[in-house]
Amino acid sequence: MTQKKNEADDNAAAKEMEGVPEHLREGGDEPAANADAERIAMLEEQLAAAKQDVLYAQADTQNVRRRMEKEATDARAYAATNFARDILSVSDNLTRALDAIPAELRENEKMKPLVTGLEATGRELESVFAKNGITRIAAMGMPLDPNLHQAMVEIPTPDTAAGTIVAEMQAGYMIKDRLLRPALVGVAKSGD
């Protein structure tokens with residue numbers, strides 16, 4: 001009875017399998033199964049590559065965003081650089097004008113208001129420089145730093161170590177942490 005039942009089941013299964021392509025039948029075409037496995041492997045590789053490409057694109061986007069933020073920050077911080085360079089010449093001329101006034105004219109009652117006004121203008125200019133992060137570079141008595149000072153002449157000075165700044169022709173300035181203008185200086189030269 002079981003054998004008849006098994007035969008009946010086999011016949012029913014065979015009837016159900018009629019019309020089903022051979023490669024889809026159990027135990028059927030192995031090349032088709034291999035082709036499916038290869039296709040799945042290929043699709044998995046493509047998916048992994050696409051995921052990698054997405055990660056690279058996200059990283060690149062993040063790098064571009066960081067670079068743009070830094071450039072925007074720098075642009076805000078150093079926007080006044082060209083203007084500051086131009087104003088330095090005004091400051092230099094004001095300092096030269098004050099230095100050119102002889103002591104006897106400074107005491108003259110007619111010149112005193114002019115001198116006081118020029119000095120007040122100089123202080124205001126220094127205050128504006130300080131507000132905008134513009135600072136004067138120390139030079140006199142300092143060792144020459146080629147990043148901050150530009151040596152214009154060597155001056156024989158027996159009492160001073162070679163390479164020490166002994167004269168300042170033009171003041172140097174920094175804007176925040178960047179060089180705005182180097183100090184033009186004279187450097188001590190050994191007396192050989």
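Two strands count as paired if DSSP finds at least two bridges between them. Helices (H or I, at least four residues) and strands (E, at least two) are DSSP runs, numbered from the N terminus. Strand 1 and strand 4 (residues 173–175) meet this rule with three bridges, in the antiparallel sense.

The model is predicted: local features need pLDDT of at least 70, side-chain atom pairs count only at pLDDT 80 or more, and totals for chains, interfaces and linings use all residues. Residues are numbered from 1 along each chain as its sequence is written, and side-chain values use heavy atoms, with hydrogens and water left out.

**The chain as a whole**

The secondary structure comes to five helices and six strands, in the sequence pattern α-α-α-α-α-β-β-β-β-β-β. Of the 192 residues in the chain, 18% are buried, where buried means under 20% relative accessible area, exposed over 50%, and partly exposed in between (1.4 Å probe, protein chains only). The accessible surface of the chain is about 14300 Å², and 55% of this belongs to carbon and sulfur atoms; areas come from the Shrake-Rupley method with a 1.4 Å probe, and for residues only the protein chains shown count as cover. Contact means heavy atoms within 4.5 Å. Among contacts with a separation of 6 or more, 58% are between residues 24 or more positions apart.

**The aromatic pair**

The structure holds one aromatic pair. The ring centres of F129 and Y173 are 5.8 Å apart and the planes are at 70°, so the pair is edge-to-face. F129 lies in helix 5 (residues 112–131) and Y173 in strand 4, so the pair ties together parts 44 residues apart in sequence. Rings of Phe, Tyr and Trp (its six-membered ring) pair if their centres lie within 6.5 Å; planes under 30 degrees apart count as stacked, over 60 as edge-to-face and the rest as tilted.

| Residue | Relative accessible area |
|---|---|
| F129 | 6% |
| Y173 | 8% |
| T164 | 15% |

Strand 6 (residues 183–189) is mostly covered, with six of its seven residues buried. Seven bridges join strand 6 to strand 2 in parallel, and G186 of strand 6 is the bridge partner of V153. Strand 3 pairs with strand 6 in the antiparallel sense over four bridges, where I165 stands opposite V187.

T164 sits in the loop between strand 2 (149–156) and strand 3 (165–170). Leaving aside neighbours within four places in sequence, T164 is in contact with G141, M142, P143, G186, V187 and A188. A polar atom of the T164 side chain lies 3.0 Å from the backbone oxygen of A161.

How values were computed: Polar contact = N/O pair within 3.5 Å; in protein donor to acceptor, adjacent residues only side chain to side chain.
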